[in-house]
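Have a look at the model first, then we'll walk through it.

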Amino acid sequence: MNKNNISIEDVPLNGFHQLMTVRAGGGWILDGYVLSIIGVAIVQFSGYLHLDSFWQGLVAASAMFGTFFSGFLGGWLTDKVGRQRLFFVGPILFILGSIGTFWTESGVMLFFLRFLIGVGVGLEYPVAGSLLTEFLPQKNRGPRLAGLTILWFAGAALAYIVGNAILAHGGDDAWRYVLASPAVLGVALFLIRLGTPESPRWLVSKGRLAEAEQIIKKVYGATFSLANLPKESEEQKVSIRTLLNAGYGKRMLFVAVFWSAAVVPMFAVYSFAPVVLQALNLKGEWASMGSVIITLLFVVGCIIATRLIDTMGRRKLIIHSFLWSSLALLGLGAASHGSEMLVLALFGAYAVFIGGAQVLELVYPNELFPTEVRAFAVGMGSSLSRIGSAAGTWLVPYSLATLGIGHTMYAAAAVSVLGLLVSVWLAPETKGMTLEKAASLSR
């Protein structure tokens, strides 16, 4: 086989690709862990810190506020200074913020520390997603990116398992150990990422051809060169201003709305899982067990969606995901005072069906935009989705207290229906396309 004619996107999955998946995937495990761990300890630290419903919602949403802030900045910086440099900032912020929560003595202090952690989370989406996307073979890109979402929910499940174990054996200050526990994962992630190279695509976009050539040879072998790197068309050499116009503006609208509709109900559940489940008549061991079961079902849903992404296609997958998850949330609203098993079944159905939209959060934005603005687009999508997530999470205690659990579930269903309508209108199909073709406006 003449390697001079082979695109690096056609190179079979190798050991380097596996290592890069681990390096990026570790960030999603940690993201799921740090964003979910707050729900495990919220009842305990709210009592100790004397937080009312306003401050409970604010603290629970603080990480989303941080993600909103850093998504814009992180995406812009990733496209300006490179992927590799910022690949280590997230783990450092996770470590510092988590250790700091151990000594927190006020809701204000906890808010700012969780905000700092959220900044780290916001950086992970554009940095790790773009870096992995630009190395993966075309054949494996969709499933591998979708698989990161599975790791997110695996991290969330780990948070509930580890957090509940610490609460059961840690005494009165157990919540401090719960909130500080992500620091251990942060250290491991930092160490795993040592030795990560810069993206050759980004280097080429900045005119640093010699460095790009050196990395290509190191990763793919001495017989490979810049000649094996697919060239983006002139149409794709766009600026951030261009992103907000023409076809890219419509794509950005689609990414922001569908991503928001997928995560707003999910984050509200994770931040207040014990509270929500108690409102749905699941108390005591039912609530603890229900949190873990539902989290594991989110993982199952993402696994199923990952297997379907290249057979069913992106467009059909996202439409069916929003359709059936909307019906499950409507069922929860109607059966909010039903039996424990019915509530768990409907919640479980939502967890499984929303998996399609969840796994596409990284696939669509990384495929729909060219190299020059890929990280910015992912960061913007992440940030805009966190506006709704933060507002929804903040309002959950108020909604439960004033509207009740039934109407709260109906509101969540309305958000999911919005995602369905926008997907029917705007969702494109990118299955089987190279990055260049998927990002092209003329395809």
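Let's start with two helices, α5 (residues 107–133) and α6 (residues 138–169), whose axes come within 10 Å and cross at roughly 145°. Keep in mind that this is a predicted model. Aromatic rings come up after that, with 16 aromatic pairs found across the whole structure.

**Where α5 meets α6**
- The crossing of α5 past α6 is right-handed.
- On the α5 side, the contact uses Y125, G129, L132 and T133, and they meet R141, L145, L148 and W152 of α6.
- Sort those contact residues by type and you get five nonpolar, two polar and one charged.

**Aromatic pairs**
- Among the 16 aromatic pairs, F45 and W175 make a tilted one, at 6.2 Å centre to centre with 55° between the planes.
- F45 belongs to helix α1 (residues 15–49) and W175 to helix α7 (residues 174–180), so this pair ties together parts 130 residues apart in sequence.
- Both F45 and W175 are buried.
- W324 and F353 are another tilted pair, 6.2 Å centre to centre and 35° between the planes.
- That pair links distant parts of the chain, with W324 in helix α15 (residues 314–334) and F353 in helix α16 (residues 340–353), 29 residues apart.
- W324 is partly exposed, at 39% relative accessible area, and F353 is partly exposed too, at 36%.

**Other ring contacts**
- F65, F111, F112 and F115 are joined into a cluster by ring pairs.
- R193 sits over the face of F87, 3.8 Å from the ring centre.

Technical notes. Residues are numbered from 1 along each chain as its sequence is written. This is a predicted model: local features need pLDDT of at least 70, side-chain atom pairs count only at pLDDT 80 or more; totals for chains, interfaces and linings use all residues. Side-chain values use heavy atoms; hydrogens and water are left out. Axes are lines fitted to C-alpha atoms, for helices over the stretch in contact, and angles run from 0 to 180 degrees between N-to-C directions. Helices (H or I, at least four residues) and strands (E, at least two) are DSSP runs, numbered from the N terminus. A crossing is left-handed if the near helix is turned anticlockwise from the far one by less than a right angle, and right-handed if clockwise. Contact means heavy atoms within 4.5 Å. Ala, Val, Leu, Ile, Met, Phe, Trp, Tyr, Cys and Pro count as nonpolar, Asp, Glu, Lys and Arg as charged, and the others, Gly among them, as polar. Rings of Phe, Tyr and Trp (its six-membered ring) pair if their centres lie within 6.5 Å; planes under 30 degrees apart count as stacked, over 60 as edge-to-face and the rest as tilted. Buried means under 20% relative accessible area, exposed over 50%, partly exposed in between (1.4 Å probe, protein chains only). A charge sits over a ring if NZ of Lys or CZ of Arg is within 6 Å of the ring centre and within 35 degrees of the ring normal.
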